[in-house]
Amino acid sequence: MTTAPQNTPSPNGPSPSADGATTAPAAGATPAASITPTPLISLEGIHKAFGDLHVLKGCDLEVAAGEVTVLIGPSGSGKSTLLRCINQLEEPTAGRVRIAGVTQGYAEEPLADGRWQKLPSAQIARQRSRIGMVFQRFHLFPHMTALENVMEAPIQVLGRGKAEAKEAALALLDRVGLGDRADHYPSELSGGQQQRVAIARALAMEPELMLFDEPTSALDPELVAEVLSVLKELAEGGMTMIVVSHEMGFAREVADQVVFMDDGLIVEQGTPEQVIDHPGSERLKGFLASVL
Amino acid sequence: MSTQTPAAPAARRPADPIPGRIRAKRPPRPGTWISAVIVALLVLGLANFLVTNPVFDWGTVATFILDVKVVQGVGWTLLITVLSMILGTAIALTAAIMRRSENPVLRGVSWAYIFVFRGTPVYTQLVFWGLFTVIVPKLALGVPFGPELFSFSTRDYFPAFWAAVVGLALNEGAYLAEIIRSGLNSVDKGQTEASKALGMSNGKILRRIIIPQAMRVIVPPLGNETIGMLKTTSLVLAVPFTLDLTFASNAIANKLYAPIPLLIVAALWYLAITSVLMVGQHFLERYFGRGFDDRTGSPAAKRSRQSAVNRAGTTPKDSLPEVEL
């Protein structure tokens, strides 16, 4: 956190493709049909630098409510960093993140001297609480049982009563197929089960959208399907999701929008058919050849 | 030793599921045997020395081990140990959290506190706290250069007992701060990120997520420090506080001109208290190790992870529908 340079978000203008290099849709037609006038998530000109390392170089992305977006790209292309900018685990070096029209982390308008007023940490926490996140390495609380993991945030953040939180948590564990594992500690669960608990934990906050950062990358191959099936059910239930994933089969089946990132830029975006089956750029062709 | 006929056990337990079980014979270890005999002889010699040497005067030890002054001394020693450890832990936690702060003033003050209180002898510090009421005879709260709202004499509120507790706690806090800091640092950064992503506040993340996990790392050295503190209380004479176990037994020894039996009385009591503290530490470690160590914690945790995974029959027979990819 200390290495983050001074934040001066400067929206790069209204057009999402103002950066020129940003989008090169393969089949001409952008997936305009699925994008509503007010997107739930809107990223405008996101840059992120860690010291001298320029990880994101101006990314624009819009995701409509209920839409599933899968972010693909080679490792180091900035997918996870972009995802983490959405719930402010990373502070963008430039650019603006809006959720349901509300700027994240800063006041809506710049101050008179051109600087941006950062929000107090309590308000940032409140913004984060509306966004669920699932990590590659689960990050369950190891000193709590599966049930306690799921109950923790509703009690501590939303101020729910214990009985109410427990009932909701048990229902969620049932939903991810782990109702009978409620009293197990994470160390007693397989990777796939841990990840499903992590999904239940995020859902317990009743988020407006869910972020998945390579949710199946740390799993043994035979455990991937059980996690993907939960994701698929969530998508069918209308949850807005952004998933960083290498699972092309999942992307093709579930995604409304596939976004290909390379070297800190969004290179192509469109429907799974457009991006996966009819790649436009050489970089995407090369990437797909290496993962398919 | 006895040469049993192999048929006898085989007749009793005919169904060994493992065929051809290896019946191993250890290789000879003469060196081990010789050294064991030598050590045993030395121990016997020591026991003989302890029992027969009249200097130890076990009769006097038996007379005074439950002496009122001695037992009261045990009580005071325990009380000082417990209070100064509690106070010391609170100070240490504050100092450790200050060390992690982004504010240079908080970081600097914490560093300076640790530097001074870890870097000077505890005996010196105890003498200082004993003189505190002389150095600061009156404490007053008021407007600077203005009227005094109220004041009190420190001598009325800061007896030798509290000087001892505060002195020991401040010294201990400096050591514990480093232990707690390393404990806090030992918790995976992903834990903080996961709790942040859930919208938890920094205070709650620390209280609910980080500290409980750090305790697993902190408790073993904390137990060590507590046992160390138990014995450091013998220095409270410097304050001077004169009711603790060491002072009480020394006082009796001086009266009787029999120092050695009463040293043994004190030593036996310190050993007894240490044993009790070790039991307490065991339970603390088990509590904070829950979810981490399969050998400890709840009965559920005793089952190994692998058996849990196997029993779970995770993927193929799962209740969830499979995704066709």
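**Close-up views of a predicted complex**

**View 1. Helices H9(B) and H11(B) are roughly antiparallel to each other in this predicted model.** Helix H9 (residues 160-185) of chain B packs with helix H11 (residues 202-232) of chain B at an angle of about 150 degrees, their axes lying 9 Å apart (axes are lines fitted to C-alpha atoms, for helices over the stretch in contact, with angles from 0 to 180 degrees between N-to-C directions). Angles over 145 degrees count as roughly antiparallel, under 35 as roughly parallel, 65 to 115 as roughly perpendicular and the rest as oblique. On the H9(B) side, Leu168(B), Glu172(B), Tyr175(B), Leu176(B), Ile179(B), Ile180(B), Gly183(B) and Leu184(B) are in contact (heavy atoms within 4.5 Å) with residues of H11(B), among them Ile210(B), Ala214(B), Ile218(B), Leu222(B) and Met229(B).

**View 2. Helix H5 (residues 104-119) of chain B crosses H9(B) at roughly 120 degrees.** The axes of these two helices come within 8 Å, and the angle makes H5(B) and H9(B) oblique to each other. From H5(B), Tyr113(B), Ile114(B), Phe117(B) and Arg118(B) meet residues of H9(B) that include Ala169(B), Asn171(B), Gly173(B), Ala174(B), Ala177(B) and Glu178(B). Tyr175(B) takes part in this contact and also in that of H9(B) with H11(B).

**View 3. Four strands of chain A form an open antiparallel sheet in the order S2-S1-S4-S5.** Strand S2 (53-63) and strand S5 (102-103) of chain A each have a single partner strand, so that one side of each edge strand is left without a neighbour in the sheet (strands pair if DSSP finds at least two bridges between them). Eight bridges join strand S1 (residues 41-50) of chain A to the antiparallel S2(A), and Lys48(A) stands opposite Leu56(A) in S2(A). Helix H1 (residues 79-86) of chain A packs on the sheet, where H1 touches S1, S2 and strand S4 (94-99) of chain A, and its direction makes about 120 degrees with that of S1(A).

**View 4. Confidence in chain B averages a pLDDT of 86, with 86% of the residues at 70 or above.** For the complex, the predictor gives an ipTM of 0.84 and a pTM of 0.78.

**Conventions.** Residues are numbered from 1 along each chain as its sequence is written, chains are lettered from A and ligands numbered from 1 in written order, and helices (H or I, at least four residues) and strands (E, at least two) are DSSP runs numbered from the N terminus. Local features need pLDDT of at least 70 and side-chain atom pairs 80 or more, while totals for chains, interfaces and linings use all residues; side-chain values use heavy atoms, without hydrogens and water.

How values were computed: pLDDT is the predictor's confidence in each residue, from 0 to 100.
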